[in-house]
Structure formats: structure tokens, C-alpha cells
Amino acid sequence: MEHTPLPRQKKQLSSTIGRGAEHTAAHFLKAKGWQILQQNFRGLGFEIDLIAKVGDVLVGVEVKALPWQSRYLLSDYERLRCQYAKKRRCLMGLRRFAGRNLLSMTTLRWDIVVVKYKGREQQVHAHYIGA
């Protein structure tokens with residue numbers, strides 16, 4: 001008989017995978033010379049997975065975790081949907097973050113990082129710049 005996780009267990013597993021994916025994405029960006037300023041910045045109507053600085057650009061990063069065997073990639077439509085659904089609120093959140101931290105960034109940007117996972121193994125699969 002196959003064990004089906006209860007809703008709470010599924011939520012905990014999803015949360016664990018998400019945190020792991022955010023950690024993997026942060027490591028990936030740091031290796032590219034980016035400075036990670038904050039994880040999970042939340043405000044009214046938004047959550048930004050990672051806030052990073054690269055040069056004079058303040059970047060909000062949405063991290064998507066997908067199963068390793070998934071052939072799924074974010075289509076242009078899904079990137080646009082993610083962009084229009086969240087980008088405006090999250091860019092407002094980035095402005096708020098910059099103001100609170102006295103940052104004078106000239107450019108704000110929204111990126112998506114896709115992390116694929118298999119068990120505990122995770123790897124960055126794609127980085128959509130200016131998504």
C-alpha cells in the first residue's frame with residue numbers, strides 16, 4: 001500500500017523544497033558575483049524570494065522549484081503571467097526595501113531562477129534575466 005502524505009506533510013515538504021531551492025539559487029548568484037541582501041522579503045500582497053545586488057542594480061528574484069525529471073520549462077506566456085501578476089507588486093516591494101535600507105539603486109529588475117531537484121540534490125536549471 002502506497003503512503004500518501006497528509007496535507008500538512010505536503011505543505012512541510014513543499015516548504016523544505018522551496019527553502020532548499022532558494023538556498024541553491026542564492027549560491028548560484030553569489031558564484032556569479034552577486035550580493036544577496038535578503039531572503040523572503042514580505043509585505044502586504046507580495047513576497048520576494050531573494051533580493052540581490054549586482055552592480056548598481058537591485059534585483060528581485062522569484063525562485064521556482066521543479067522535479068528533476070520534469071521536462072517543463074517556463075514558457076514565454078508563463079514568464080509574462082508571472083511578470084504581470086507579481087512584478088508590479090514586487091517592484092514596489094523592492095522600492096520599499098531600498099528605502100528602508102537607504103540604498104540608492106538606479107535600476108530595479110525582476111528575474112526568475114528555476115531550480116530542479118531530485119531528493120536532496122538540487123541544481124539551477126535556468127536563469128531568466130529581466131523576466
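Where does asparagine 40 lie? The views below start there, and all of them come from a predicted model.

**View 1. Asparagine 40 and its positive phi.** Asparagine 40 sits in strand 1. Its phi is positive, at about 55°, even though this residue is not a glycine. That's worth a second look, because most residues other than glycine have a negative phi. Is the residue buried, exposed or partly exposed? With a relative accessible area of 26%, asparagine 40 comes out as partly exposed.

**View 2. The hairpin of strand 1 and strand 2.** Strand 1 covers residues 35-43 and runs antiparallel to strand 2, with 7 bridges between the pair. Have a look at glutamine 35: it stands opposite lysine 53 of strand 2. Between the two strands there are 2 residues, and in this hairpin glycine 45 adopts a positive phi near 85°.

**View 3. The hairpin of strand 2 and strand 3.** Here too the pairing is antiparallel, this time over 5 bridges. Valine 54 has valine 57 in strand 3 as its bridge partner. The hairpin has 2 residues between its strands, and glycine 55 takes a positive phi near 65°.

**View 4. The largest nonpolar core.** This core has 13 residues, and those with the most contacts inside it are Ala25, Trp34, Leu50, Val61, Val63 and Val115. Where do its residues come from? At least two are supplied by each of helix 1 (7-31), strand 2 (46-54), strand 3 (57-67) and strand 4 (107-118). Apart from this core lies another one, made of 11 residues, including Phe41, Ile48, Ile51 and Cys90.

**View 5. Zooming in on valine 63.** What does valine 63 touch once its neighbours within four places in sequence are left aside? The contact list reads Ala21, Glu22, Ala25, Asp49, Leu50, Val113 and Val115. Among them, Ala25, Leu50 and Val115 also turn up, like Val63 itself, in the list of residues with the most contacts inside the largest core.

**View 6. Leucine 91 in helix 2.** Helix 2 spans residues 76-100, and leucine 91 is part of it. Leucine 91 counts as buried because its relative accessibility is 14%, and the cut-off for buried is under 20%. Not counting residues up to four places away in sequence, leucine 91 touches Leu108 and Arg109. For a distance to check in your viewer, take leucine 91 and isoleucine 48: they are 43 residues apart in sequence, with 9.3 Å from C-alpha to C-alpha.

Conventions. Residues are numbered from 1 along each chain as its sequence is written. This is a predicted model: local features need pLDDT of at least 70, side-chain atom pairs count only at pLDDT 80 or more; totals for chains, interfaces and linings use all residues. Side-chain values use heavy atoms; hydrogens and water are left out. A nonpolar core is a set of buried Ala, Val, Leu, Ile, Met, Phe, Trp, Tyr and Cys residues joined through side-chain atoms within 4.5 Å. Buried means under 20% relative accessible area, exposed over 50%, partly exposed in between (1.4 Å probe, protein chains only). Helices (H or I, at least four residues) and strands (E, at least two) are DSSP runs, numbered from the N terminus. Contact means heavy atoms within 4.5 Å. Two strands pair if DSSP finds at least two bridges between them.
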